[in-house]
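Here are my notes on the model shown next.

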Amino acid sequence: MNFFLETLIGGLLAGTLYSLVAIGFVLIYKASGVFNFAQGTMLLFAALTFVSLREQGLSFALALLLTVLVMIVGALLIERLVLRPLVNRSQITLFMATLGLSFIIEGLAQGLMGAQVRALDLGIEDVPLFVGEIMISQFDLIAAGVSALTVAVLALLFNKTRIGVALRAVADDTRAALSLGINLNRIWQIVWAVAGVVGLVAGLLWGARQGVQFSLSLVVLKALPVLIIGGFTSIGGAIVGGLIVGAAENLAEAYIGPLIGGGITPWFAYFLALIFLYIRPSGLFGDRIIERV
Amino acid sequence: MTATVPRLSASFDEAPLTLVRRRWRPGLLLLLLVAFVGLPWLGNDYWLNAILIPFLVLSLAGLGLNLLTGYTGQTSVGAAGFMAVGAFATYGLLLRVPGLPLPLALIGGGVIAGLVGLLFGIPSSRIKGFYLMVTTLAAQFFLEWVFAKFPWFYNYASSGTISAPRLELFGHNLGTPVGRYLLTLSCVVLLTWVAVNLVRSQVGRNWMAIRDMDTAAAVIGIAVERDKRMAFAVSSFYLGIAGALWAFAYLGTASAGSFDINRSFQILFIIIIGGMGSIAGSFIGAAFISLVPILLSHAGQWLFNGNVDAGQLQNLQKVLFGGLIIWFLIKEPEGLARLLGDLRERIRVWPLRF
């Protein structure tokens, strides 16, 4: 029983990190209908920038501030150079554009800042905590706390500020929002910048866990099943989806893995997503699509 | 069919209205002659091994994916997974069925890949768009895992790799560069001919109707689910044969890692750059994808006298590719094939502009 609980809690905590990556997607998808494949490389880029700045001897806060600035400038450039010329194109076209974008960011990140694995020290000690007889990683616990804080800040941003209300209006009905005088291009810039900052938080947490390197950008692929389960358009769904995927993955590796040879984490989440899709084709919390000819 | 379409002039032949064109095409014959006779005779081993064979195999893979993504509109990022099935199945057939001739083994590998494709295509009846993409990702990762995990597939080799069996046909050794080139070329020509006819048959038209709007297609009586599954199967058949050729005619030794997700993206890029829903586009895109890196590395060496780091060059390549993809999507969403078509049209009517 203890082993089960340990695996479950470990999975849930890892799941909060999946949620964080998935939220970056949901933000952009809601506001601009773009399925942003480049979210993973944005995460890598942010973490690499932060590490490089730290290596230059900058303080933690200054490095963080500068990285946030870099992500905002990046968002402005992406909006101007990629999104604006592609306005009104099909979703698949936009998706493919972000595929190209991910190549550019990846090439730039590794070209400018090197491809070797960098250690990232956030000053959190990874000592195991014992609750009763159950072992919990302290790092995972703090990471989960940071994720929760990020979500809370986002919720405040969305519900209590003018920008947030405008964002929700665009997500609800783009045309109506436009006719009310909401500047769509500005909204896109803001959303991409916010997604970049969420990517930075996720990148730092993931990076501290497994080192800052290319494979960080592959986290994006893990976020896909999370989105499928939670639905593309719901932040709450992304959180629940992340938790489900994290927990299920850990449990499956521990209990099903040994039966069929182990190492099933790369694909298990996708199968889980498939099962969910069969039952609910637009996710647990996603908007139902009504088709008309 | 042509008889029912009124012919106004010779140029009307070019109009999209003409359903079937059966013209004498000297250009095509010349191209085939050059490819079958000229190139093996003129080209050296480097050209055949490093440029022509990968180009042809990638074209075939691009063609396979184009049938699914370009013609039927089902985005797939699992192309390399099905290529792996083809490679490992062909290997297994040659190994375990003694005396099986190579063409039959290739077709067998393709059929097995097609069946696996059919299996992963089943969700397409309920799932669409991005959600469907996840199915293909599941296929990609699952298949990669299977071929790395179970030694039966690579005959318990300690390295986990499969090596090309002896390639021969009717006693002729096809193991030489020229032999492997001709084998690849024959497969590609044959399958391209099939694909050209397939996409203008009833099935091909159903696919395009589904791509343009599947609800509308269902309303006019197209069996959408069946045709989608068929597209998955046919596309995987093509990808399977391309995978077998990639493993045995090009690489020589392959493992599950030769068919990772990056290969899938590479093939997706081929059809984006070349042209979605265009047979010629698959070839143009493959030429672009396989030639640009070579040109770039030569240019890099020439410009910097070998002072530039290979890793940096690769990063530059990534940026360039990404930029090109975005540029294409913005400027020419129908790819290089359309660009060349426009150019040809302009040359044809030159010097009159209209």
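1. How many residues does the contact take from chain A and from chain B? It takes 37 residues from chain A and 34 residues from chain B. Two residues are in contact if their C-beta atoms, placed from the backbone, lie within 7 Å.

2. Conventions. This is a predicted model: local features need pLDDT of at least 70, side-chain atom pairs count only at pLDDT 80 or more, and totals for chains, interfaces and linings use all residues. Residues are numbered from 1 along each chain as its sequence is written, while chains are lettered from A and ligands numbered from 1 in the order in which they are written.

3. Chain A at the contact. The contact takes 37 residues from chain A. Helices H4 (91-113), H9 (219-230) and H11 (265-279) of chain A each give two or more residues to the side that touches chain B. H4(A) gives the largest share, 15 residues. By type, this side of chain A divides into 27 nonpolar, 8 polar and 2 charged residues. Ala, Val, Leu, Ile, Met, Phe, Trp, Tyr, Cys and Pro count as nonpolar, Asp, Glu, Lys and Arg as charged, and the others, Gly among them, as polar.

4. An unreviewed UniProt entry places "transmembrane region" at several spans, including 7-28 and 90-109. Positions follow the numbering used here, feature names are shortened, and annotations may be inferred rather than shown by experiment. Residues 7-28 of chain A are 100% helix, with end C-alpha atoms 32 Å apart. Residues 90-109 of chain A are 95% helix and 0% strand, with end C-alpha atoms 29 Å apart. Helices (H or I, at least four residues) and strands (E, at least two) are DSSP runs, numbered from the N terminus.

5. Chain B overall. Chain B has 13 helices and 4 strands. Its C-alpha atoms fill a box of roughly 65 × 55 × 45 Å along the principal axes. Buried residues make up 44% of the 354 residues in chain B. Buried means 20 or more other C-beta atoms within 10 Å of the residue's own, with C-beta atoms placed from the backbone.

6. Helix H6 of chain B. Among its buried residues are Thr184(B), Cys187(B) and Leu191(B). The buried residues of H6(B) pack against helices H1 (26-42), H2 (45-71), H4 (102-121), H9 (224-251) and H11 (279-304) of chain B.

7. Leu245(B). Not counting residues up to four places away in sequence, Leu245(B) touches Val57(B), Leu60(B), Thr184(B), Cys187(B) and Tyr250(B).

Technical notes
A residue is buried if 20 or more other C-beta atoms lie within 10 Å of its own, exposed if 12 or fewer, and partly exposed in between; C-beta atoms are placed from the backbone.
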